[in-house]
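Biologist: I would like to learn how to read a metal site and its surroundings. Please take me through an example.

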Amino acid sequence: MSAAPTPKVNRLGLEVLNYKGSKTTLCAGCGHNSISERIVECFYEMGVDPMMVAKFSGIGCSSKSPAYFLGLSHGFNGVHGRMPAIATGALLANRNLIGLGVTGDGDTASIGIGQFMHLVRRNMPMIYVIEDNGVYGLTKGQFSATADMGSTAKSGAANALPPFDCCALALRWGATLVARSFSGDKKQLQTVLKTAIAHKGLAVIDVISPCVTFNDHAGSTKSYSYIKDHEEPLHELDFVPFFEDISVEIGEGEIRDVRMHDGSSLRIRKIDREYDPTDRGKAMSALEQAERDGEVLTGVLYVNTSQPTFIEQLEMMDEPLATLPESKVRPSRAALEDAMEELR
Amino acid sequence: MSTLEVSPAEPLSGNSRHSITNDFSIQVATANGSGSQTANTVLMRSIFQMGIPVSGKNMFPSNISGLPTWFTIRASKKGYIGRRKEIDILVAMNPETAREDVMKLGSGAAVVYDEPLKLNELRGDLHFYPVPFDKLVAAVCPEAKLRKLVKNMLYDGVLAKLLSIEMDEVRQALVKQFGQKKAKAAELNWNAAQAGYEFAEKNLLKTDPYRVERMNATAGKIIIDGNSACALGAMFAGVTVVAWYPITPSSTLVESLAVYLKRFRMDPETGKATYAVVQAEDELASIGMALGAGWAGARSMTATSGPGISLMSEFIGLGYYAEAPAVIYNVERVGPATGLPTRTQQGDLLTTAILSHGDTQHPMYFPCSPEECFTMSSEAFDLAERFQTPVFVMTDLDLGMNNWMADPFPYPEKPIDRGKVLTAEDIERLGGFARYRDVDGDGVGYRTLPGTRHPSAAYFTRGSGHNDKAQYSEREDDYINNLDRLSHKFDVMRSHVAAPEIHLREKAEIGFIAIGTSDYAVRESCDQLETEHGIPASYFRVRAYPFNDQLKDFIRRHSRVYVVDQNRDAQLLSLMRLELDAELIAKLRSVRYYGGLPLDARTVTDEVVKQEGK
Ligand SMILES: Cc1ncc(C[n+]2csc(CCOP(=O)(O)OP(=O)(O)O)c2C)c(N)n1
Ligand code: SF4
Ligand SMILES: [Mg+2]
């Protein structure tokens, strides 16, 4: 008689099943589904307590996806483009929460560009994943503000306006981890997500995530085949979590370790260019150069592990404000008497 | 009412034969940015310190410098502190408006004016007191740069002499105003006040009848603006997350709150803040933050005014439908659009009651005084968490930004009510929960907070259709059940929100219904109607929405009921129409004022007398 195989568990003793959500209702083959799968794997492998995660999203196909991962986490699917405000409020209420925002390019770069920029400016500690397909999927394929100039719609119409590069915006105005990846690049996306989990400030990850229904045709610059042809990885990435032995095999090539806040390491191996992800100025020029060359740079564009977060700046108590007892939040009778006396 | 005709039977020179004590209004006309605030506050305070009920109202323009500003002070031995339409004493400092201001006065008023303006040439039926302000200020303030700032204190001195305000009280009010730290500024101002007093003593012969005499009607009372009172209310209600975007007239609410929080809400053990205040990028963000914080368990709030309310509309619908608590202070100003940003109105009632698309309903509190700003704040935060919904505290510019005499605030005795929140232990015991199921019959489900460590604690909050387990649903029955439960929940609130204040007068055929700052005018008008016209009137002050059932009884009891609205479209009356039977609606009549100034009793009385056909 053979014993039932013991299920694989992570360092918290949880199975990967504990990180799944309900069944996706997005189109088969949608890039967003792959991203959901990577989120499940990474939160499982990193041993993140799902009950301490709060998921946030706006409106769109992408913004629906938080229902499809981390079912043990609370989620808030808010209004179109205004997820940053909801997330900011919730994270101020409970600073122990691990904030995970998922949004679309329409949600972030059009209706939500203002809130996005201010989230960036505050370096609000959370993970902010933009599932970028260059179109509004949910409203059936209109161009979004990240669609490249000249990229064509299914109807053949070409986009006439230049795109916002959400990475460039995040980089320039204060996000402390900025990365671009591709929903089809399983390993890189995993590494980037894990790095984001280990990061203490705002991590903005722009993931090219093709919409198979409205933007995967020839002439689109956000199709699977276009990205496969034009993706230009900055480096090869590995992630060594703090709970694993760091001295594991180092292969050929030049290696650089970036030490994350929680003690994990982002291990960067040079491919064919010198790239220092801790230099913001160089990151900016690399993005500009890539735009001129028609390349899609992927990898960790920028990481800054020392900048204080918005929550640190507010000098709040360590305990969540949400559950402070009355004795901490209602001043004494004497305090009221003081306040009254000076108004007499 | 103003007239240029002078009655020869009443010469205005020489000592007046009668005197009017502790019952007059002063209007100070200056230009914005001329530093008159100190002088006006000190003047008001001095009268207050002499024990006389007093109110001060600032009518200021929406700019920083140069446009006309009027400050009116009313002293009333009977305790009427609403605005009085008639001006008894004018202090004319602004050359641009001086002529018009003088022409508007009723016969027999007194005018203190800047001598070069030669206002005495305009009319013969007023008491004129010329004062050479520039000459006097030069003598007491060698530094030319500061003269503009202390010049106004001269009229405080002049008025002290003319009205018999005790100079000791002026001095004490000055010290209060400047505090110990700015002793030099206080001294400079004191010198100016004294110079004004001495000038008046030597050069002005009092001919008007107005005077102040010490009373004992303000002992123990405080002076505070409604915004600061709301701030104190929120702080003692235990607010933890505040998100806001500046807009007149609500900005000072949060600014004052931030100062109080810093002083009273730093944790004594760790020295860390027990709160977070965020100046958001706009009102879309401030309400979003407040709702996100409320969802995660904070006592959260924002404060705004008309344009901000309009912007918040989409999020408020989310708060209603997803059932997240937050308190929104709406300090109303004159709309539509930018409107008159520095004038007062109750113009957002209808908008707020059903803010956002689809079927929505929101509770509102209507404080009428600083005391109620304070006490209703705690009630609003409790209601928001108990009923898991956005709750509005509706004040207006008059209440929010003007200084009011008030009773000191009572310490909140009721423990904070955090509503139906399940902990991990609760969930363990219950074996799970359905977020939107009406277990208790009050329409309110149980919620969990993110970060609750139990595998069955999480639920997914969304603004799209959902069933009682918070699962996505587009089913007709799920949708209808949900909306009906929300409607029932709103009904249950009727008996939880603040009860009305009812004054029944014997044999009254008519009644008043009013909210908020209309209170002062209505109460005074009740007296005017009774004493001047023999019409007794009852009064029902609505203190919250949804309306309490007593409203119907009140209307039934009276033949005609005047609903007082500080807006053009009779919004309070319209709200009643939405739920009252035709037979009761038929009894309602409308008294409306929407000119942007605080409502005064005379306007109300005149309108009622007209409609009563008397
Ligand atoms: C205020 C508002 N305006 C418009 C919409 C309609 N709408 C829903 S989703 C969407 C665009 C979503 O695009 P994106 O964020 O790129 O998500 P995707 O579906 O492509 O993943 C729009 C315009 C809305 N929900 N709310
Ligand atoms: S429409 Fe596009 S974005 Fe939406 S689910 Fe389908 S493939 Fe994904
Ligand atoms: Mg999109």
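**The magnesium site**

Modeller: Along the chain, the donors of the magnesium ion (ligand 3) are spaced as D-x27-N-x1-V. Donors are N, O and S atoms within 2.8 Å of the metal (3.2 Å for Na, K and Ca); water is not among the atoms, so sites may look incomplete. This is a predicted model, where local features need pLDDT of at least 70, side-chain atom pairs count only at pLDDT 80 or more, and totals for chains, interfaces and linings use all residues. Residues are numbered from 1 along each chain as its sequence is written, chains are lettered from A and ligands numbered from 1 in the order in which they are written, and side-chain values use heavy atoms, with hydrogens and water left out.

Biologist: Which residues coordinate the magnesium ion (ligand 3)?

Modeller: A:Asp105 (OD), A:Asn133 (OD1) and A:Val135 (O) coordinate the ion, at 2.1 Å. A:Asp105 lies in helix H4 (residues 105-109) of chain A and A:Asn133 in the loop between strands S4 (126-132) and S5 (135-136), so the pair ties together parts 28 residues apart in sequence. Helices (H or I, at least four residues) and strands (E, at least two) are DSSP runs, numbered from the N terminus.

Biologist: Are A:Asp105 and A:Asn133 buried or exposed?

Modeller: Buried means under 20% relative accessible area, exposed over 50%, partly exposed in between (1.4 Å probe, protein chains only). Both A:Asp105 and A:Asn133 are buried.

Biologist: Which residues of helix H5 (residues 113-122) of chain A are buried?

Modeller: They include A:Phe116, A:Leu119 and A:Val120. After H5(A) comes A:Asn123, with a positive phi near 50°.
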